[in-house]
Amino acid sequence: MENKFKEKRGMVSGPIWSDWREQLRESELIGLHQRLENLEREILLDWLQWHDPKGNYTDRKCIENGVQQLSKLRAVAYIHKEILRIHMKRRYKAFSHTHAQLIFNN
C-alpha cells in the first residue's frame with residue numbers, strides 16, 4: 001500500500017480525473033466522522049499514506065521503522081483531524097483574502 005497513486009495524478013490533469021482520496025479530502029464535515037468509521041482500516045491507511053507519503057501509516061512501513069501499527073480508531077482520528085485542518089486553513093485563506101480586498105477597496 002505504498003503511495004503509487006501520486007505519480008498517476010500528475011499524468012492526468014484537470015477536473016477530468018477525480019480520485020476518491022481527493023473526494024474524501026474535500027467532503028462535507030457534517031457526518032465525516034461516521035463516514036470514516038464505516039470505512040475499512042486498510043482504506044483509511046491508504047488515504048493517510050497518500051496524504052502524507054513520508055508518514056508511517058501502512059503496516060509495512062510501521063514494521064520497517066519499528067513503530068506500533070496504527071489502529072482503525074487512531075486512523076479515523078488522524079484523518080478527521082487532518083480534514084478539519086484543511087477546511088479551516090481554506091476558510092482562513094478565503095477570509096483573509098476577502099478582508100484584505102475590503103480594506104484596499106475602501
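This is a predicted model: local features need pLDDT of at least 70, side-chain atom pairs count only at pLDDT 80 or more; totals for chains, interfaces and linings use all residues.
**Entry 1: helix α4.** I began with helix α4, residues 41-51, and looked up the burial of its residues; eight of the eleven are buried, so I noted the helix as largely enclosed by the rest of the structure.

**Entry 2: the nonpolar core.** I then looked up the largest nonpolar core, which has 14 residues, and wrote down those with the most contacts inside it, namely L24, L36, W47, L48 and I79. Helices α3 (32-38), α4 and α6 (72-105) each supply at least two residues of this core, and the largest share, five residues, comes from α4. For L36 I listed the contacts while leaving aside neighbours within four places in sequence, and found L24, L44, V76, I79 and H80.

**Entry 3: charged pairs.** My search of the whole structure for salt bridges returned eight, and I followed up several of them. D19 forms one with R21, where the closest N and O atoms are 2.9 Å apart; D46 also forms a salt bridge with R21, and here the closest N and O atoms are 2.4 Å apart. Since D46 lies in helix α4 and R21 in helix α2 (residues 20-25), I recorded that this pair ties together parts that are 25 residues apart in sequence.

D19 has a relative accessible area of 6% and is buried, R21 is buried with a relative accessible area of 3%, and D46, with a relative accessible area of 10%, is buried; I took each as buried because the cut-off is under 20%.

A further salt bridge joins E26 and R25, with the closest N and O atoms 3.2 Å apart. Here I noted that E26, at 40% relative accessibility, counts as partly exposed.

**Entry 4: K61.** Which backbone oxygen does the side chain of K61 reach? I located K61 in helix α5, residues 59-64, and found that its side chain reaches the backbone oxygen of P53 at 2.8 Å. K61 is buried, with a relative accessible area of 16%, and I kept this value beside the contact with P53 to close the entry.

Key
Residues are numbered from 1 along each chain as its sequence is written. Side-chain values use heavy atoms; hydrogens and water are left out. Buried means under 20% relative accessible area, exposed over 50%, partly exposed in between (1.4 Å probe, protein chains only). Helices (H or I, at least four residues) and strands (E, at least two) are DSSP runs, numbered from the N terminus. A polar contact is a pair of N or O atoms within 3.5 Å; within protein, one must be able to donate a hydrogen and the other to accept it, and residues adjacent in sequence count only if both atoms are side-chain atoms. A nonpolar core is a set of buried Ala, Val, Leu, Ile, Met, Phe, Trp, Tyr and Cys residues joined through side-chain atoms within 4.5 Å. Contact means heavy atoms within 4.5 Å. A salt bridge is a side-chain nitrogen of Lys or Arg within 4 Å of a carboxyl oxygen of Asp or Glu.
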